[in-house]
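Subject: Handing over the structure, with notes on what was found

Dear colleague,

I am passing on the structure below, followed by a description of what was found in it. Please read the notes with the structure open beside them.

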Amino acid sequence: MDFTLTQKETMILEDGKKQEDICVKKYQSFANQAKDPELKNLFNKLATEEQHHLNIIDQLLKGNTPNLTHNFQSQGNQQTQQSGSGNMTFNSAQDALLCGDLLSTEKYVSSFYDTGVFESANKQVRTALQHIQKEEQKHGELLFNYMNSNGMYNVK
């Protein structure tokens, strides 16, 4: 055990664990429902990243400093660049609904982590929550970019 959590940090992390579990299950379920193969791949990739967040929180709850590094970052940047191919063949109302739901989820989860960062006394917990929050924001960016490039989210 590297450190001891406060009662508040334990409550925050338990809530975060529930949120991450929901995210993993939603991304996996939505990957099975998506029509566009590119979107299925994106959802599966993000499900794996959400599972990594769940693993980080599990380590924190055990009082251990988690390993925050993983090999998804380069894939995320590649996905952002690939989106916008202009392939409207798979632009279904169902895919738009799935994306909208997940973008809303990412907004909520990112906000949750913002509060957790400010309410954690432990530096390792704050650092891990900031790391997860930054990745959740990246997930939102990937979803937004997909939606925007496929006519599902117009910003004009």
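Before the first finding, one term is needed: a salt bridge here is a side-chain nitrogen of Lys or Arg within 4 Å of a carboxyl oxygen of Asp or Glu. Please also keep in mind throughout that this is a predicted model.

With that term in hand, the pair to begin with is lysine 17 and aspartate 58, whose side chains form a salt bridge with an N to O distance of 3.0 Å. Since lysine 17 belongs to helix H1 and aspartate 58 to helix H2 (residues 37-61), this pair ties together parts that lie 41 residues apart in sequence. Both partners are partly exposed, lysine 17 at 31% relative accessibility and aspartate 58 at 22%.

The overall layout

The protein chain contains five helices and zero strands, so that, read along the sequence, the pattern is α-α-α-α-α. Among the contacts between residues at least 6 apart in sequence, 79% join residues that are at least 24 apart.

Helix H1 and the segment before it

Helix H1 covers residues 7-33, and threonine 6 is found in the segment before it. Threonine 6 is partly exposed, with a relative accessibility of 35%, and although 116 residues separate threonine 6 from asparagine 122 in sequence, their C-alpha atoms are 8.2 Å apart in space.

Salt bridges within a helix

The structure holds six salt bridges, and two further examples can be set beside the pair described above. Lysine 25 forms one with aspartate 21, where the closest N and O atoms are 2.9 Å apart; these two residues are four residues apart in helix H1, which separates them by about one helical turn. Aspartate 21 is partly exposed, at 28% relative accessibility. The other example joins the side chains of glutamate 141 and lysine 138, with an N to O distance of 3.4 Å, and here both residues lie in helix H5 (residues 123-149), three residues apart, or about one turn of the helix. Glutamate 141 is partly exposed, with a relative accessible area of 35%, and lysine 138 is also partly exposed, with a value of 21%.

Which residues does histidine 139 touch, not counting residues up to four places away in sequence? They are Tyr27, Leu46, Glu49, Glu50, His53 and Glu106.

Aromatic pairs

The structure holds three aromatic pairs. In one of them, the rings of phenylalanine 112 and tyrosine 113 have their centres 5.1 Å apart and their planes at 70 degrees, so the pair counts as edge-to-face. Both residues are buried, phenylalanine 112 with a relative accessible area of 15% and tyrosine 113 at 1% relative accessibility. In another pair, the ring centres of phenylalanine 144 and tyrosine 153 are 5.1 Å apart with the planes at 75 degrees, so that this pair is edge-to-face as well. Phenylalanine 144, at 24% relative accessibility, counts as partly exposed, and tyrosine 153, at 30%, is likewise partly exposed.

Methods: Residues numbered from 1 in each chain as written. Predicted model: local features only at pLDDT ≥ 70, side-chain atom pairs only at ≥ 80, totals over all residues. Heavy atoms only, no water. Buried < 20%, exposed > 50% of the residue type's maximum accessible area, 1.4 Å probe, protein only. Contact = heavy atoms within 4.5 Å. Phe/Tyr/Trp six-rings, centres within 6.5 Å; stacked < 30°, edge-to-face > 60°.
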